[in-house]
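My notes follow in the order in which I made them.

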Amino acid sequence: SKFDLVVLNGVVVTASDTSSFDIGIKDGKIHTLAPSFTPEDIGDAQVVDAEGGMVMPGGVDAHVHLCQDQKTGPLGLGGQCADDFETGSRSAVCGGTTTIIAFAKQSRDEEDRSLLKVVEAYSARAEETGSYIDYAFHIIIVRDDKDVLQTELPVLVKKWGITSCKLFMTYKTMQLQDYQLLDVMLAALDNSITTMIHAENGDMITWLAEKLESKGMLAPYYHALSRPPSVEGEAANRAIVLAELIESPILFVHVGSSASANIIRAAQTRGLPVFAETCPQYLNLTWEDLKRFHSPDCFENSKMICSPPPGPDSSDQDALYLGLHNGTFTVFSSDHCPYKYNDPHGKMAGMLEHGPSMHRASCEGISLPELAKSKTGSFKLVPNGIPGVETRLPLLFTRGVTAGRITPQKFVELTSTNPAKLYGLYPQKGALLPGSDADIVIWYPEGGLTPFKLTNEHLHHNVDYTPYEGMEFANWPRYTLSRGQVVWANGKLLGTPRDGRYLKRGPNQLGKGVAHFKKDPRTVATWVRE
Ligand code: URP
Ligand code: ZN
Ligand code: ZN
Ligand code: ZN
């Protein structure tokens, strides 16, 4: 027949439009959109009836951490990502996401100098388990070897289609000094690689953490006090100044505070090509959540430690919602960073303080909850990050779309279309155009689901908790299609970890913004290359 599968009677919602269409899928791609198919059109194609539903492009989650280990994790000590490509992609697809971009990470070790070797090793990890959905890589660069940047960045782009790198302004084992940021950003720019920045002032954090530690303020809550909003704001401002100096676009990941959002907004208003991402934790958590469990000092609160931390109170959440609405934020990603709680290489690494015997005790399974209640350990040693790849879309649908804070089109733009454009995957991903991959998620906004309270048992990640335990969800995808195949339907996972393919990406399609800069021979960007 004409099509392999048809999606009938739904309201198709894209980043720009909302209208009733039937969709015909052939060979994994969108083939035809028409107001209404005839029985001849449908033939013996598989039918998905989307009556009463909203049909959207599948989610693109451009910020997930999978398979990062002790060496390649954010702290460089402790911390083993609980999800690999199989479990992480499984969790993603069950929440309506059909594309993920994960981080291959260089380390400071001499043997990790080669970015190509780092990527090859990471790719092998993905191939080992397979992925339920299509996946791509970013590269995290923590060294500024000129030879490596010069010879390998072009190969990363051409051979691997890796067109984005992440640089850190904090963490001892990852932080680049300003002169190094300039070097790597310039090299990235000359290869049409988008620079993503983790903007926190590492020196302020070190100073604050030492002060807190000297006063015995070690509970998880003090993680937030070691990183007040000005820590993020200062770094964002400095990164913008550096980027402007060399006329480079720049992309801020996981923006957590209005302090930073306001600085970004001001730079955008000046016409600079500054892009930004925010994440579910910043719209749904506050400093208070770091005191949520048992007692304010209980170590279980380490479940909520991520960096940057969410804002002190809900006023930051309101400001970030405004930023989603008004365009300050280009994309909405999960920053899924899966550490188990009850695991010496997860959040419990924060108990290492007590020396080798405590570490052995944890590894040998002596009651960790008992240890947790002892109020000891230090926030400084807790791996940073929280899981959320599966809850990203349902949370934003419930609290953003259903609550009337953003339109359904804006939802698609932030969670699918813009990440696809920003990371060079459009219109293969992020669109429902003829020729696009048939990645589709179908929601039922009106009475499609009895609101329910989430528990971790609902989720498909390999993490032993969710930060959103007990939260009420009014919506969840009923169907998800990945390249034309129904992989999630009515709460059942139908796909396999052999379905996903590696995606080579092109450059940022949202513009380099160089037009905003004066072409003047006296500018740094001009003479520095002569
Ligand atoms: O706390 C966080 N966000 N951990 C993940 C690593 C990162 O910096 O994105
Ligand atoms: Zn980061
Ligand atoms: Zn991250
Ligand atoms: Zn151990």
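Leaving aside neighbours within four places in sequence, I found Lys-291 in contact with Tyr-221, Pro-296 and Asn-301. Lys-291 sits in the loop between H10 and H11, where helices (H or I, at least four residues) and strands (E, at least two) are DSSP runs numbered from the N terminus. For burial I call a residue buried if 20 or more other C-beta atoms lie within 10 Å of its own, exposed if 12 or fewer, and partly exposed in between, with C-beta atoms placed from the backbone. Lys-291 counts as partly exposed because it has 17 C-beta neighbours inside 10 Å. From Lys-291 to Asp-318 I noted 27 residues in sequence and 21 Å in space, C-alpha to C-alpha.

I noted the terms of the entry: this is a predicted model, in which local features need pLDDT of at least 70 and side-chain atom pairs count only at pLDDT 80 or more, while totals for chains, interfaces and linings use all residues. Residues are numbered from 1 along each chain as its sequence is written, and chains are lettered from A and ligands numbered from 1 in the order in which they are written.

Next I turned to H11 (residues 314-326). The expected span of a helix is 1.5 Å times one less than its number of residues, and for the 13 residues of H11 that gives 18 Å, in agreement with end C-alpha atoms 18 Å apart. Which residues of H11 are buried? They are Asp-316, Leu-320, Tyr-321, Gly-323 and Leu-324. These lie on the same side of H11, because they cover an arc of only 155° around the axis, the arc being that of the directions from the helix axis to the C-beta atoms. I kept in mind that an α-helix has 3.6 residues a turn, so residues three or four places apart point the same way. The buried residues of H11 pack against helix H9 (258-269), strand S12 (274-278), helix H10 (280-284), strand S13 (331-332) and helix H15 (408-422). On the face turned away from the buried side of H11, I found the exposed residues Ser-315 and Asn-326. Just after H11, Gly-327 has a positive phi of about 95°.

After H9 comes Gly-271, with a positive phi near 90°.

Lys-166 was my next entry, found in strand S9 (residues 164-168). Is Lys-166 buried or exposed? It counts as buried because it has 21 C-beta neighbours inside 10 Å. Not counting residues up to four places away in sequence, Lys-166 touches Phe-103, His-138, Ile-140, Met-196, His-198 and Val-253.

Last, I checked Thr-129, which belongs to helix H3 (residues 115-129) and is partly exposed, with 18 other C-beta atoms within 10 Å. Beyond its neighbours within four places in sequence, Thr-129 is in contact with Asp-84, Phe-85, Glu-86 and Pro-497.

Methods: Contact = placed C-beta atoms within 7 Å.
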